[in-house]
Amino acid sequence: MSSPIVLGIESSCDETGAGLVRGGRLLGHALASSMDEHARYGGVVPEIAARAHVHALRPVVQRALDEAGLRLADIGAVAVTTGPGLSGALQVGLAGAKAVAYALGVPLYGVHHLAGHVAADTLGHGPLPDPCMVLIVSGGHTSLLLVRDLVRDPIVHLGDTLDDAAGECFDKVARVFGLPYPGGPAIDRAARAGDPRAVPFPRPLAGSPEHRYDFSFSGLKTAAARWAEGHAGRELPVPDGAASLQEAVADVLTRKAVEACAEHGVDTLVVVGGVAANSRVRSLAEERCRTAGITLRVPPLRLCTDNGAMIAAVGDLLVRAGAEPAPLDMSIDPSAPLEYAALHPVSTKAGTVAA
């Protein structure tokens, strides 16, 4: 008997996504972004994001169905991001997912947002090897993970960011450099005309035994700000600054990831998240993996940033693994740690806890 079609809904930040997956194959997906509304504020405004999700959710689901040539009645399960993310934004997605699941009488699954990023790669390259090393790099998260069976086994954290994430560093430095929001793509574009060796930016935690696989980008952000301040009254060589910053970030990320693969005897590195779309992160990861004899997997560019397809991919894996659906009183957990791919928090009088 073929597996059901899974609808995935993502609304953790400023993008409303819907995706449809069955048996590991992406059937259709659609995305709406409120980024333009946030750009004038230099960052995401939670209330604006939540309102945008309310307006976009139904049309986005319909566009995904249209792309797949399906009807709402064809959906056999629903998966939704329940954390981490912006509280109001997550609530909108969960309310919509519950409505669809209830109306159709199909099971509902809560999904950890970061597990969705990991699963996004399966839509482009098939099942993940067991084990594999996963480097998550996004606006709010930077983690190095040892992953076995994504939906059955606990996810092992080898390292995490101690302060700013890589994408956050890009966003904040871009503002200092006078570049537009979002900062990651702006830094990448400006860096094309710059010299990555022009500015000797530090490599945070590069030689720290205590934090061998942890990350820290706050100091790098400060170093870039001090460098820009040193050009007061003179034209700031933004391309050189952008290229040098990008090189420092890519160097730290890929060096630690490749070292972790060697130490743990893992021959596949999967790089996911919005910053996985950065051209230098991708190219340096390719160079270092090739030299070390490691297979590199990076999702297609359209699946690197937040999207509903990645949440549907986790839901599809959960369904095929025979996982228990979420309870009817499932809630959200805006600060949920990544322990398992399924995230079914329930509200209690003391707050929200993971079930």
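**Entry 1: the crossover.** I began with β4, helix α3 (residues 87-104) and β5, and found that together they make a right-handed β-α-β unit. I note for myself that this is a predicted model. Next I looked up how the two strands meet: β4 (residues 75-83) and β5 run parallel, joined by 5 bridges.

**Entry 2: strand β5.** Are the faces of β5 buried or exposed? I find Leu108, Gly110 and His112 buried on one side, and Tyr109 and Val111 buried on the other.

**Entry 3: aromatic rings.** I then turned to the aromatic pairs, and the structure holds 3 of them. Phenylalanine 177 and tryptophan 227 pair edge-to-face, at 5.6 Å centre to centre with 65 degrees between the planes. I like this one, as the pair links distant parts of the chain: phenylalanine 177 sits in the loop between α6 and α7, tryptophan 227 in helix α8, 50 residues apart. Phenylalanine 177 counts as buried because its relative accessibility is 6%, under the 20% cut-off. Tryptophan 227, at 16%, is buried too.

Phenylalanine 215 and phenylalanine 217 form a stacked pair, 6.4 Å centre to centre and 10 degrees between the planes. I checked their burial, and both are buried.

**Entry 4: around the rings.** Which residues do ring pairs link into a cluster? I found Phe177, Phe201 and Trp227. Last, I went back to phenylalanine 215: lysine 256 lies over the face of this ring, 5.8 Å from its centre.

Notes:
Residues numbered from 1 in each chain as written. Predicted model: local features only at pLDDT ≥ 70, side-chain atom pairs only at ≥ 80, totals over all residues. Heavy atoms only, no water. Buried < 20%, exposed > 50% of the residue type's maximum accessible area, 1.4 Å probe, protein only. Helix = DSSP H or I, 4+ residues; strand = E, 2+ residues; numbered from the N terminus. Pairing = 2+ DSSP bridges. Right-handed = clockwise from strand over helix to strand, strands pointing away. Phe/Tyr/Trp six-rings, centres within 6.5 Å; stacked < 30°, edge-to-face > 60°. Lys NZ or Arg CZ within 6 Å of the ring centre and 35° of its normal.
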